[in-house]
Amino acid sequence: MFLEYGVNTHGEYVHISQSVRGRTALQCPYCQQTLIARKGAQLAHHFAHDGVTCRDSTERIVRLAVPLFDRFHVHLSGEVWQALQDFHASDVHSNAALHRLINAELVQQSGNPYSREYVLTNAGKVPFGEVTLEWFAQFQMGKIFAQHNRLVDTIRAAAGWGVFTRGRGWDVPAPRPEQIPLALADLNLYRAQVARLFNLRLYLLEIDHSAGTLYKIGVTSRPVDERIAEIERDLKPHIDVKQIKPVRVLEHRGSVERYALHRYRQWAAPIGTHGEYFQFEAGRGTGSASWVKGDFTRLADFEPLAGDERYIMDNPKRGHTAPGLMSEILAGERAAVAVELDQWNAEREDEKQRRAHRQATIEGMERAKAQGTHVGRPGKSSSQTEFTPIVVKNVVKMTQCDAL
């Protein structure tokens with residue numbers, strides 16, 4: 001993976017698509033070295049260091065990919081992935097392989113209580129493109145949020161704050177403050193990637209041409225009409241385009257694009273060097289244009305709510321509520337843990353200054369004492385006269401009559 005983001009002077013993460021080619025004023029998120037935008041025809045566009053490439057930018061970003069964006073093996077180990085492929089391809093499978101798949105929640109017993117038949121769960125169907133766009137989007141959202149939570153926990157652990165871990169419960173690790181800047185850069189870079197994908201529109205276009213009808217699936221951050229004009233120019237040397245019209249345009253659904261291409265791959269119909277075109281079948285069954293349109297319709301727009309968002313966690317059977325996390329990410333706001341870090345650092349700095357002041361006071365008093373200067377409350381002076389207070393008790397008033 002290449003470095004696709006640089007940081008500007010305002011601390012904002014800028015994608016390579018928003019930068020001109022050549023030297024920039026952007027910096028590496030990890031080492032703060034100036035970056036050069038490489039936008040050639042051979043390699044994917046990326047940022048390079050204006051000097052020696054730092055190790056963190058080549059190693060850490062590999063672990064920050066948005067889950068299930070362009071790889072759909074649901075992060076399985078090689079052994080489990082092979083067992084899943086074998087199960088999908090054949091009805092014959094060993095007990096050991098079946099046990100692995102059941103433990104990974106990729107296979108379950110069929111609904112018939114009298115049958116020992118096993119079938120793929122929805123999670124097990126994802127690698128083969130066999131779940132709807134709607135279900136996949138929910139499943140992916142849970143993975144995205146879970147990854148975000150893990151990155152936040154890494155920061156909290158480095159700061160020595162308590163984190164909840166499976167198996168050990170609440171854990172308070174030893175502080176590692178030197179790791180905080182790297183962990184915070186990881187979280188910011190991840191959030192920038194998520195924001196970019198969810199700020200894209202997912203579209204399904206219908207292209208009528210002299211020989212029939214094609215469909216195109218893609219994403220754009222611009223109005224779809226502008227993208228259609230570009231597509232017409234790209235197709236002109238290859239086919240006689242009569243009309244291009246948008247069939248579905250879904251807001252904040254850019255993260256689902258690659259899965260849609262994966263799901264419909266058997267109907268792909270590339271034109272020249274241009275991909276993402278499809279020739280769907282007639283009728284209303286699987287692989288038909290109406291089937292695909294229905295898939296997009298059920299997916300619908302993603303509408304993040306500021307107060308309460310519903311999403312599916314790692315286990316798609318469990319619902320969970322998050323207070324506006326995606327709204328916060330899409331708005332470009334700072335992560336809550338970053339705000340907590342600022343408060344924590346301010347408190348640490350205040351305490352450090354208070355300790356330094358106390359220590360300076362103690363050292364000053366010790367120096368004065370060593371020089372024979374009295375330190376503390378003033379003592380008694382010899383010129384002062386001591387008086388013993390006289391208390392008069394039982395004083396009785398006497399009248400003239402009493403005296404006689």
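Which residues line the largest cavity? Select M1, F2, L3, E4, Y5, I61, L64, L189 and Q193. A lining residue has an atom within 4 Å of a cavity point, and a cavity is a set of points on a 1 Å grid over the protein atoms alone where a 1.4 Å probe fits but cannot get out.

Before moving on, some ground rules. This is a predicted model, in which local features need pLDDT of at least 70, side-chain atom pairs count only at pLDDT 80 or more, and totals for chains, interfaces and linings use all residues. Residues are numbered from 1 along each chain as its sequence is written, and side-chain values use heavy atoms, with hydrogens and water left out.

**Stop 1: the cavity.** Its volume is about 70 Å³, taken as the space filled by probe spheres set on the points, which are joined across faces, edges and corners. A search of the whole structure finds one cavity of 30 Å³ or more.

**Stop 2: Y30.** Show its contacts (heavy atoms within 4.5 Å). Beyond neighbours within four places in sequence, Y30 meets C54, D56, S57, R60, I61, L64, L182, A185, D186 and L189.

**Stop 3: the largest nonpolar core.** Such a core is a set of buried Ala, Val, Leu, Ile, Met, Phe, Trp, Tyr and Cys residues joined through side-chain atoms within 4.5 Å. Buried means under 20% relative accessible area, with a 1.4 Å probe and protein chains only. This core holds 48 residues; Y30, V194, F198 and M326 touch the most other members. Elements giving two or more residues include strand 1 (5-7), helix 5 (133-158), helix 6 (180-198) and helix 11 (336-370). Helix 6 gives the most, 12 residues.

Another core lies apart from this one, with 42 residues, among them F128, A137, L204 and W291.

**Stop 4: helix 6.** Helices (H or I, at least four residues) and strands (E, at least two) are DSSP runs, numbered from the N terminus. Helix 6 has 19 residues and reaches 27 Å from first C-alpha to last, close to the 27 Å expected at 1.5 Å a residue. That expected span is 1.5 Å times one less than the number of residues. Of its 19 residues, 15 are buried, so helix 6 is largely enclosed by the rest of the structure.

**Stop 5: H209.** Go to strand 10 (residues 201-209), where H209 sits. H209 is buried, at 13% relative accessible area. Leaving out residues up to four places away in sequence, H209 touches L214, I239, D240, V241 and K242.

**Zoom out.** The protein has 12 helices and 15 strands. Of its 404 residues, 41% count as buried.

Terms used. Buried means under 20% relative accessible area, exposed over 50%, partly exposed in between (1.4 Å probe, protein chains only). On a 1 Å grid over the protein atoms alone, a cavity is a set of points where a 1.4 Å probe fits but cannot get out, and a pocket is an open set with protein on both sides within 12 Å along at least five of seven lines; lining residues have an atom within 4 Å of a point.
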